[in-house]
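Please read it alongside the sequence and structure displayed below.

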Amino acid sequence: MDVFLCPFEIGVMTIRTEMSHNHYTYDDILEFMNHFRVLEPKLAEEHGSTITYEHHRYSKVQGYIFSQLAPFLNEHIKKEATREQHVGSLPYFIDERMFVLSYVTVNQEQEINSTTLFRTGQLNSYTPGGKAFISAHNHEYIKTYNTKHVYSRWAPETYYVITDHVFSCISKSTDSKTDQLLMNHLFGQHYYNLFLHFFYKIVLLKLSYEYSQLTFHKNSEGIERLIRSITVFSGKYLFLEISSRTEGQEFSELFKKIFHINSLYQEVKETLGTLYQNQEKIAAKRHNYLLLILTIYTVLSGIYGMNLVISKLKGNIHWDSMKQFSIFEYIALIVALSGILISISLGVSSLWNLLKDRFKT
């Protein structure tokens, strides 16, 4: 098991499992992947599987992971008061299922046909009656689906299937060296290629979700934080070219297409423009209010003349004399004292924002 701590408050856990016995059929492999990836079963067909470990039985994979594999993560999962769910549940993502990365070898006698590839992409295993399940019957639809999701550069010996649910390598190779080489590539360079694009997708969805949660009239600080996050992601983390190898570049293009990276990034770029516009409106509105306040104080002080009261505040102040003030003198006193307080508060606020921005950068 690997735990990756990524930027933008994102953590990714990778759990490696192995089915080493030869008596499993390909349908059994699909059945295992289809059930193990479900962290918390919600549909009727997802219930029924259990995990037994050291005399403990778990009906949910999530319970097994956070009780046995990674109990240390529970105290580090960040909770937010503004949302009911913890950040790890990703309200903008399919949080009850894991993404599957698999390497499967099949016998030479078994044909890797279009139906097998489609079932792999959809993780179709068994029907309730125990027969092989396929979630489509239209052969033209299956053919179109495979054209989009299957990488067949090394067909008919080896195929790669890439969908929103799985990245799978299916091979009929009988050579142990070739088999080891394919496995090293899948869990090496192809894995990190997938990891980066999967990270891109999560970040882009996270930024879009944070934009939807903003209240523009009250959360100007949230707008600035989101602008900074989008700018940092675009300039520091998003790379147009991940690999210099031909197959790496081709896989990269497939990942971008399957995960909708380009469309999500375009949406975030448009969001950035909207954020700048709203920030300018908020700043202009704030400046207008400030200008209005200063104008009112300037007009009042000009009309009354602060010398009406200021002269009586020199040296030892005789507070009893204020009882003799006229209503206009009281107005002048209130204007003078409130003007001083507002000036001090504006100065302190500006200094605080300056120091806060300095620490953020």
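In which sense do strand β7 and strand β8 pair, and over how many bridges? The pairing of β7 (residues 158-162) with β8 (residues 166-171) is antiparallel and runs over five bridges. The model is predicted, and the points below are grouped by topic.

**The four-stranded sheet**
- An open sheet is formed by four strands in the order β5-β8-β7-β6, with mixed pairing.
- Strands β5 (100-105) and β6 (150-151) stand at the edges; each has a single partner strand, so one side of each is left without a neighbour in the sheet.
- Within the sheet, Tyr159 stands opposite Ile170 of β8.

**Helices and their surroundings**
- Helix α1 spans residues 26-36, and its buried residues are Tyr26, Asp27, Ile29, Leu30, Met33, His35 and Phe36.
- The cover over these buried residues of α1 includes the strands β3 (51-53), β5 and β8, together with the helices α2 (61-69) and α3 (114-122).

**A nonpolar surface patch**
- On the surface, Met1, Val3, Leu5 and Phe72 make up a nonpolar patch whose accessible area together is about 410 Å².
- One of these residues, Val3, is located in strand β1 (residues 2-6).
- Val3 has a relative accessible area of 35% and is therefore classed as partly exposed, since that class lies between the cut-offs of 20% and 50%.

Key
Residues numbered from 1 in each chain as written. Predicted model: local features only at pLDDT ≥ 70, side-chain atom pairs only at ≥ 80, totals over all residues. Heavy atoms only, no water. Patch = residues over 30% accessible without salt bridge, like charges linked within 9 Å, V, L, I, M, F, W, Y side chains within 5 Å. Areas by Shrake-Rupley, 256 points an atom, 1.4 Å probe, with all protein chains shown as cover. Salt bridge = Lys/Arg side-chain N within 4 Å of Asp/Glu carboxyl O. Helix = DSSP H or I, 4+ residues; strand = E, 2+ residues; numbered from the N terminus. Buried < 20%, exposed > 50% of the residue type's maximum accessible area, 1.4 Å probe, protein only. Pairing = 2+ DSSP bridges. Contact = heavy atoms within 4.5 Å.
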